[in-house]
Amino acid sequence: MKTKFDFPKLARALVLMLACCAIFVANAFVIKANPDSSLSKATQKELNRARQATARYHNINHAIADGFIDINVFFPQMGYHYLKPDILDADFDAEKPELLVYADFGNGHMRLVAVEYAVPI
């Protein structure tokens, strides 16, 4: 069965997602540089839930098998974006990111470098 996309809705979701990316990436560098940062215990717990839930997606083949598709969105210094359209909704669940971002390190090996959350608008 072919998946049907509402491309205007998807485009609006991607614009919102990209606007949030800069904040996410900046915060990721702060967290990586200072893992004992001033994040609350609740935030640290939520980040750990996201890491555990997406650990299997370090292998891109698992992501593809679970329904993530390459949406042909690539940004230098960021990566290739894979969307799971079935879960694109207005609900936030740390364990179910709508997008996975992979970087190609030149040897054809795609490495999971970020998860992103998007909503349809």
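Helices here are DSSP runs of H or I with at least four residues, strands are runs of E with at least two, and both are numbered from the N terminus. By that rule, His81 lies in strand S2.

Before I go on, the background. This is a predicted model, in which local features need pLDDT of at least 70 and side-chain atom pairs count only at pLDDT 80 or more, while totals for chains, interfaces and linings use all residues. Residues are numbered from 1 along each chain as its sequence is written, and side-chain values use heavy atoms, with hydrogens and water left out.

Back to His81. Its relative accessibility is 0%, so His81 counts as buried; buried means under 20% relative accessible area, exposed means over 50%, and partly exposed is in between, with a 1.4 Å probe and protein chains only. The side chain of His81 makes a polar contact with the side chain of Glu116, at 3.5 Å. A polar contact is a pair of N or O atoms within 3.5 Å; within protein, one must be able to donate a hydrogen and the other to accept it, and residues adjacent in sequence count only if both atoms are side-chain atoms. A polar atom of the His81 side chain also lies 3.4 Å from the backbone oxygen of Gly79.

Next, Glu98, in the loop between strand S2 (79-83) and strand S3 (99-104). A salt bridge is a side-chain nitrogen of Lys or Arg within 4 Å of a carboxyl oxygen of Asp or Glu. What the Glu98 side chain does have is a polar atom 3.1 Å from the backbone nitrogen of Ala118. Leaving aside neighbours within four places in sequence, Glu98 is in contact (heavy atoms within 4.5 Å) with residues including Phe68, Tyr82, Glu116, Tyr117 and Ala118.

Now the salt bridges. The structure holds three. In one of them, Asp93 pairs with Arg49, the closest N and O atoms being 3.7 Å apart. This pair links distant parts of the chain, with Asp93 in the loop between S2 and S3 and Arg49 in helix H2, 44 residues apart. Arg49 also meets Glu95 in a salt bridge, 2.8 Å from N to O. Glu95 is in the loop between S2 and S3 and Arg49 in helix H2, so this pair ties together parts 46 residues apart in sequence. Asp66 and Arg56 form a salt bridge too, with the closest N and O atoms 3.1 Å apart. Asp66 sits in the loop between H3 and S1 and Arg56 in the loop between H2 and H3, 10 residues apart. Through shared partners, salt bridges join Arg49, Asp93 and Glu95 into one network.

On to the aromatics. How many aromatic pairs does a search of the whole structure find? Four. Rings of Phe, Tyr and Trp (its six-membered ring) pair if their centres lie within 6.5 Å; planes under 30 degrees apart count as stacked, over 60 as edge-to-face and the rest as tilted. Tyr57 and Phe68 form an edge-to-face pair, 5.3 Å centre to centre with 65° between the planes. Both of these residues are buried. Tyr82 and Tyr102 also pair edge-to-face, at 5.5 Å centre to centre and 85° between the planes. Tyr82 is in strand S2 and Tyr102 in strand S3, 20 residues apart. Tyr82 and Tyr102 are both buried.

A nonpolar core is a set of buried Ala, Val, Leu, Ile, Met, Phe, Trp, Tyr and Cys residues joined through side-chain atoms within 4.5 Å. The largest has 10 residues, among them Tyr57, Phe68, Tyr82, Tyr102 and Leu112. H3, S3 and strand S4 (110-116) are the elements that give two or more residues to this core, and S4 gives the most, with three.

Last, the backbone. Most residues other than glycine have a negative phi. Asn72, in strand S1, has a positive phi near 55°. Asn72 is exposed, with a relative accessible area of 70%. Gln77 has a positive phi of about 65° and is not a glycine either. Gln77 is in the loop between S1 and S2 and, at 83% relative accessibility, counts as exposed.
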